[in-house]
Amino acid sequence: MPSVNTMTEELNVEAVCRSFGERQVLRDVTFGVAAGRMTGFVGANGAGKTTMMRIILGVLAADSGSVTWRGARLDRGVRQRFGYMPEERGLYPKMTVAEQIVYLGRLHGLSAKAAHHNTSALLDRLGVGDRAGDPVEKLSLGNQQRVQIAAALVHDPEVLILDEPFSGLDPLAVDVVLGVLRERALSGAPVLFSSHQLEVVERLCDDLVIIADGSIRAAGRRADLRERHALPRYRMEVATDAGWLRDVPGVTLVDLDGAHAVFDLASGADDQDVLRAALRRGPVRSFGAVTPSLAEIFREVTR
Amino acid sequence: MTAGSGTTPAAMPMVAAVRLIAAREIRVKLRDKTFLFSTVFFLFIAVAATVLPSVLAGSPDSVAVADQVAATKLRDAGLTVHVVTDDDAAERQVRDGDADAAVVAGPQVLAMDDVPNSVVRALSVSPPVRLLNPDALDPVVAYMVPFALAFVFFLTAFTFGLQIAQGVTEEKQTRVVEILVSAVPVRALLAGKVAALTLLAFGQVAIVSLVALVGMQLAGVDAQVANLVQPTVAWFLPFFVLGFIMLATLWAGVGALAARQEDIGAASMPLQMVVMLPFFAVSFLSGNDTVMRVLSYFPPTAPTAMTIRIFHADTAPWEPILSLVVLAATAVATLAVGARIYEGSLLRTNGRTSFATAWRTRSTVA
């Protein structure tokens, strides 16, 4: 796998600032979204995710800073080839599913023929092909969500910006949508998607951008972030009571439940010493470093 | 462009975007029951107003009479005469409803519950009458035609205007607007809407006018009235289009100020007044020449006031043209104001946006 430095980051956000009145929502935001990868954009509610995405799409203007795609600043012609799923979902409630997607495809510059072709292929792929002739308002929320994904993808966008694409989807639909998005990523599109559901992001993304209070706290490959934020924390399971750990120098117990213990090591202490000590007392069922979950990394960097 | 061909097209031209947006609006409206119903309703009124009076006027009164001399007189007066054997038979005809009236010995006129003026006139001697203004219009017609024009403009400007506002609010309320704005310029969105609704409103009024004119021909309306109505309608159409466009972007701006359908009423109140007050002004003041002269140049009232003056053959040839120019200039100004309000409030989805905030905001990328 190539390292972070050799990735071609094709969509670049540089030093973007934006205020609403007195309130500064984005401070000097800089990050990249690599082509062919799924980038999770993570932050608490109100952290600035939606504002940033709106700025990328040109729905909002930045006060300063720039967004570039393949090295060029964005204009309407470039943005027309972006696919966007806004946080607040919306389609015309009384228009039929197919008519609506065709219309949005044409607004993004597709010919009538290409728009029809893409629409029916996409609706089938998303499992709502049989509802193509129904008004959107007659569909269940989950299905409306799938149609919304179709609206973002119909024009074969070069870049995908999706605000909370998985919220409101049932697990089956998450898999379908994820499959479609991976396909787009594999064909070379950068995919930026936001979410506040950290477990979902953990499962889906290749790269991560963490935003808090309007500024970027961490960005990079998910695996690298994990490593960087790994704690000196271990989990051990022995056959008998593990209470003796309390008296081992350099060990701070985090959790003890009979034979099961979670502990932190002081810097300089060797985990192998602890393991040997345990083996002297009896069998050891499991022993290993605890990798931090995204939630833990998130808590740490946004603290 | 085929899907995924990898070509990188330039931004869609503005005109193409406007056409796509307008086409959608028209498609949706042509399937909209409210629109179809209002068109049918207008057509019905047009037919009823032009054709019904002459149908209802019906055949001339019938009269039963036994006396031959009286029968001749009545026949000369254009009445349908039933010659009967005696006065009793004549009276029976009236009682049975076979004749509207009867003339019996005396002479005396019999009728059920309504004085048969045509019969009385036929048997009376009238003094000669000399009209000093023989060309004057029937006062009913003189009132009804201007009222009808003012009403059509008022109703169309109001209902179509409200539909523009509702359409804009719908896009805002359902949030679809964010996708639209990421794809096409805000101005294209506005222009497409206004163009589509103007076209539909004009189409509706043109069809109704045509039906009314044809109806007048069929019903054999007085040539004098027909000669006045035709040029009036011909002038009304350009006034209508400019007057409608003048209001349309303002309606769109008002729709963008509201965050929900329920807000439209309050947000559009001032605009409703701008549409409603001219209707009442023109309806009630149409008798006052000086006031009408002023109103026929004042943009909100010009479309109706000027056409009414044209109907009364009250204008110099240059007057409607000057008024149209003033109206067009105002329409250009309101287009700019409406567009700015629309752009400034379209993406503010948290509650109602004030006019002042919308005016100051430039929320989107040009």
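A:C17 is buried because its relative accessibility is 18%. A:C205 is also buried, with a relative accessible area of 1%.

I note the basis of these entries: this is a predicted model, in which local features need pLDDT of at least 70, side-chain atom pairs count only at pLDDT 80 or more, and totals for chains, interfaces and linings use all residues. Residues are numbered from 1 along each chain as its sequence is written, chains are lettered from A and ligands numbered from 1 in the order in which they are written, and side-chain values use heavy atoms, with hydrogens and water left out.

**Salt bridges**

I counted 24 salt bridges over all chains, taking a side-chain nitrogen of Lys or Arg within 4 Å of a carboxyl oxygen of Asp or Glu. Side chains of opposite charge can pair when their charged atoms come close.

I examined A:E202 and A:R226, whose side chains meet in a salt bridge at 2.4 Å, N to O. This pair links distant parts of the chain, 24 residues apart, with A:E202 in helix α7 (residues 198-204) of chain A and A:R226 in helix α8 (residues 222-228) of chain A. Helices here are DSSP runs of H or I of at least four residues and strands are runs of E of at least two, numbered from the N terminus. A:E202 counts as buried at 18% relative accessibility, whereas A:R226 counts as partly exposed at 26%.

In chain B I looked up B:K193 and B:E171, which form a salt bridge with the closest N and O atoms 3.1 Å apart. That pair also links distant parts of the chain: B:K193 lies in helix α8 (residues 186-218) of chain B and B:E171 in helix α6 (residues 139-173) of chain B, 22 residues apart. B:K193 is buried at 3%, and B:E171 is buried at 1%.

I recorded a further bridge between B:D263 and B:R260, at 3.1 Å, N to O. B:D263 is buried at 11% relative accessibility, while B:R260 is partly exposed at 41%. I also traced a network of salt bridges linking A:E10, A:R70, A:R81 and A:E158.

**Aromatic rings**

I found 24 aromatic pairs over all chains; rings of Phe, Tyr and Trp (its six-membered ring) pair if their centres lie within 6.5 Å, with planes under 30 degrees apart stacked, over 60 edge-to-face and the rest tilted. Ring pairs join B:F147, B:F151, B:F154, B:F158, B:W251, B:F279, B:F280 and B:F284 into a cluster.

B:R24 lies over the face of A:Y92 at 3.6 Å from the ring centre, and over the face of A:Y103 at 5.6 Å.

**Strands of chain A**

I followed strand β11 (residues 233-238) of chain A, which runs antiparallel to strand β13 (residues 260-265) of chain A and is joined to β13 by five bridges. Strands pair if DSSP finds at least two bridges between them. A:R233 has A:D264 as its bridge partner in β13(A). β11(A) also pairs over five bridges, in the antiparallel sense, with strand β14 (residues 284-289) of chain A, where A:F287 is the bridge partner of A:M236.

Conventions. Lys NZ or Arg CZ within 6 Å of the ring centre and 35° of its normal. Buried < 20%, exposed > 50% of the residue type's maximum accessible area, 1.4 Å probe, protein only.
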